[in-house]
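Here are my notes on the model you asked me to look through. Please read them with the structure open.

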Amino acid sequence: MVAPHARKTVVVAGLGMVGIEETHLAYNRVALTDYFQHRSVDKLYLNGPEWYQAQSPEHFASKSHQSMTAAHTITTSKNQLIKYDLASARATSTAGVFVYRNLSDLDRLISYSEKDGISGGRACVIGGGLLGLEAAKAAYDLPGIKDVAIINRKSFPLSRQIDAEAGELVLQRIEALGVKVFTNCVVKDIITTTTTEGEVFSGLEFTDGTIIEAQIVIFAVGIAPREDLARASGIACHEKGGIIVNDDLKTSAEDVFAIGECASWRGQTYGLIGPGVEMADILSFNLTQTETTTGTFKPRKMNDPDLSTKLKLMGVDVASFGDFFAHERMKERLKTTPKATNGSGVITVAQARHGRKHRSPEERPDEPIKCLTYKDPFASVYKKWASDFRVLDSISYLLSRYIFSADGKYLLGGIMIGDVRDYVKLVAIVKKKKTLEVPPSEFIVASANDKDDDGADLDDDTQVCSCHNVIKGAIVKAVAGGCSLLGDLKAKTKAGTGCGGCMPLVTNIFKAELTKAGMEVSNSICPHFSMSRVDLFNVIKIKRLKDFNSIMKAIGVSETSIGCETCKPAVASILSSLYNDHVMTPAHHQNQDTNDRYLANIQRNGTFSVIPRISAGEITPEGLIAIGQVAKKYGLYTKITGGQRIDMFGAQKQDLPSIWAELVEAGFQSGHAYGKALRTVKSCVGTTWCRYGVGDSVGLAVQLEERYKSVRAPHKLKGGVSGCVRECAEAQSKDFGLIATDKGWNLFVAGNGGASPKHATLFATDVPPSRVVRLIDRYIMFYIRTADKLQRTARWMESFEGGIERLKKILIDDELGICKDLENEMDALVGTYACEWTEVVNNPERQKQFRQFVNTDERIVGVENIVQRKQQRPADWPKAFPGVKIGDRSIHHSRDEWTWRPLAKVSDLTPSDAYATSAAVKYGDSQLAIFHVPRKGYYATQQMCPHKRAFVLDHGLVGDDSKGNVYVSCPLHKRNFKLDDGECLNDSDFAILAFEVKEEDGFLLIKLPESDELDGTIGTSKWMVRNATAEAINRGAGAQIEIVGPDGRVANELSNQDSSCAVENAGAGCGNTALDW
């Protein structure tokens, strides 16, 4: 610890990731562009307002400062005089009409773009670098901006990162979005128009006299350090900008330091978060750790910072790492190196002959770095200095540039565009200066095989899951400890339980470690079936098995098993793909995940969404009115989806049949947004309206959506049809997409958005309209046959042996002779179509499945509603709920003193020997879930899953594991709770109450304490997520209950603090002095 006598006062000028001086609290500027989507600064805050309120008020002063003095005092804009021992200046830049640097800039831009006379106009972005492309994409996504243009001084964008050939590919990608790029252009003047409100920007004039009209201009031309405070205080600043600092970040003023973008270290300023954080780390170490009670330590000094970064620009992933400009610096050095002469200033003949052949820097044997170049003109793939690069088709705008040491032993840095999956691995290799185990050429050779990365060359301390900071070594340790199932690994390490983006790498590392340990690497669908999804599909088809129970008996590991949350939906999907029986048929209903089970997507507050089908986005005014009337009647939140249809949120489960009765009456059908099925076929207006249209995109999209509606597959399917090459329907980002040509349609396959976006691959060109449907028939049916469970078409194509060329031979050339079979199977499948909701509306028995409680018509909501933008939505969840274990000890009376209470009829659960059933009941203010499990009997638990405080457990799938434990899987985030004692099998932070159940005279009785006693533990009012809940928990107030530890003891989590204070006064800090922000 720091020696007491060494404690000093430190003044920091600026607040934020690297000291941002502005009106907002510190926020994540890396996610600045996301602000255009959610418009909520709260989602960007590094610490919420409650954190600042909890701090001592004297630690914060005014927003800006006037000067520092040699007397170690600083004067604020409010004339506050603060005496300090040490000071650190931190700042960033603003400039131009509109700049793209902070939230204030974005707020001004958003507001201005919505003004009359501006909305619908053009925005120009000056600058074609990283920031310029990010600004252009943000402007492109603004609804008030119709056209976007980029003005670039160079002949191609990203000229500091890539060369001309690669730049041309990126340029094509940008222009394919409809963004005009002006290259080799320099702005001479800004044109303005005088109005009653003053001068208004109206256009730009280039140096060649060209004038373009525009309503908005955004400058994205780099950073200009804020140094006004330093200059006013007499602190030395660099002529090129920035406050001059030495290696320990000290300025020319005694005890004044500068870090972040305002600091000029060795003539360089840095506009990235990484260097700023590194500077802060160095300075904090030197101020607190060099002199401590345990002795002295050598101060840290600034080294070349790590500029590694990963961004998404104009829809293209871009990443850089290590010393990615080493090659450019070498070329510049060679230009300035004087040529050798014979002493008289004359170059000799021998020297002239030797220099006849001009060599590029990477060809010179005496240079300290070497570069690799790979070009494939047939596939239009460009790789320069590339390693581990995937060969893709001409639609893929991808580049990798990796720079190696001259001896090929070290990777020094590089840039990746498009495919950035190896970013984590490569950053670790460069940072650790790890010797390469293969020659650089092997990187490219290996890339052609496109094998999955098993992380073999990652050190054990490499982070593989950023959400939970899981390192590779944790996976290695788990496998060494006997972990052999991926689900167990996720429960043990929490890897992949956040955003899920790390799962491909985590899965491959896990399999590789299993192999090393001599354990069998299984591709079985789950422990209940010792075969893959593909094999399972074929066996079910050949044996003509038609329900889960018969499938388990015929080919399951144990014929008495009831399955799990993995195999049940997978089998249900296969049965639907083969026979398409109604998913609410009793034999199939309990195998469906919650969304399919109730024909609607469950939302985080336990309500459901309603999405009627609007084929190709085409809808009549009468249809719009009908949807509006339904939404208004039932108080539903409405939103236009990215698939060109209308989503209605917040429907109570018991209202779903009534809502759909009105929609069916109005002519609507199920949109299947809840199923792993065809969702939408998006279209532009094509020849119907557009003057550029070549093909009838609306007509074809309607035909395709009507054909494939209700077709279930291993994962969801989305299509797109564009009427011309302008590609307004984004067909090249869909599972299947069509773009009209003057000869027919170009067909693209295996694209998707989502967490791991993938550009679609060109499959067939100039397809006659008469052949389009049959090609897509073959493609979808072959995908259904051969894909793994929950595998999107993009991932399926990546793992498909032989890739796209092999698929062409199978589906176009009919190399296997199965095309007619595939077509017939699709004809048979689409011929079974019936609207699932229409059938429910006409079947009173199925409508009973939608009751909230089987013992009362009362309604209870589990999350408080708030009003936002004139619509109701559920209150926010906290960033993370605290772990909660609810056990018997939280109830005063022992189980022996509880009473049997009749709460449901046996008929309410419709028990069966073939499948599990469930229902919810209300007891006082508490909600309970009752389950019947074949050959096991009845169980009951609390209805609430404590992970997110959601009252949804009766909706969950019931399963069993290899040890015979029977559990229910929460439908929201798959926490699995044992039905006999409430233990959570895959997250030790949680547990729930379980109760005894018995059948008597046609009734189901549950052994319970008095209702008011139970309400004090699991009552709905106690656990309801309210608007103040997130604030209370995020600032550490925690849950307002007693928590039972593993040993049964009860911990008072509020430490004798009044629990009502934690919620009701969350904003005031429960008695703490609050800051006036």
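This is a predicted model: local features need pLDDT of at least 70, side-chain atom pairs count only at pLDDT 80 or more; totals for chains, interfaces and linings use all residues.

1. Residues are numbered from 1 along each chain as its sequence is written, and side-chain values use heavy atoms, leaving out hydrogens and water.

2. The protein has 34 helices and 51 strands; these are DSSP runs (helices H or I, at least four residues; strands E, at least two), numbered from the N terminus. Of its 1077 residues, 51% count as buried, meaning under 20% relative accessible area with a 1.4 Å probe, protein chains only.

3. Helix α12 (residues 472-480) packs against helix α13 (residues 486-493) at about 125°, and the axes are 10 Å apart. That angle makes α12 oblique to α13, the class left after roughly parallel (under 35 degrees), roughly antiparallel (over 145) and roughly perpendicular (65 to 115). A474, I475 and A478 of α12 meet L489, K492 and T493 of α13, where contact means heavy atoms within 4.5 Å. By type, the contact residues are 4 nonpolar, 1 polar and 1 charged.

4. D255 is not a glycine, yet has a positive phi of about 65°. D255 sits in the loop between β14 (243-245) and β15 (256-258).

5. R949, also not a glycine, has a positive phi of about 55°. The loop between β42 (944-945) and β43 (950-951) holds R949. With a relative accessible area of 4%, R949 is buried.

Technical notes:
Axes are lines fitted to C-alpha atoms, for helices over the stretch in contact, and angles run from 0 to 180 degrees between N-to-C directions. Ala, Val, Leu, Ile, Met, Phe, Trp, Tyr, Cys and Pro count as nonpolar, Asp, Glu, Lys and Arg as charged, and the others, Gly among them, as polar. Buried means under 20% relative accessible area, exposed over 50%, partly exposed in between (1.4 Å probe, protein chains only).
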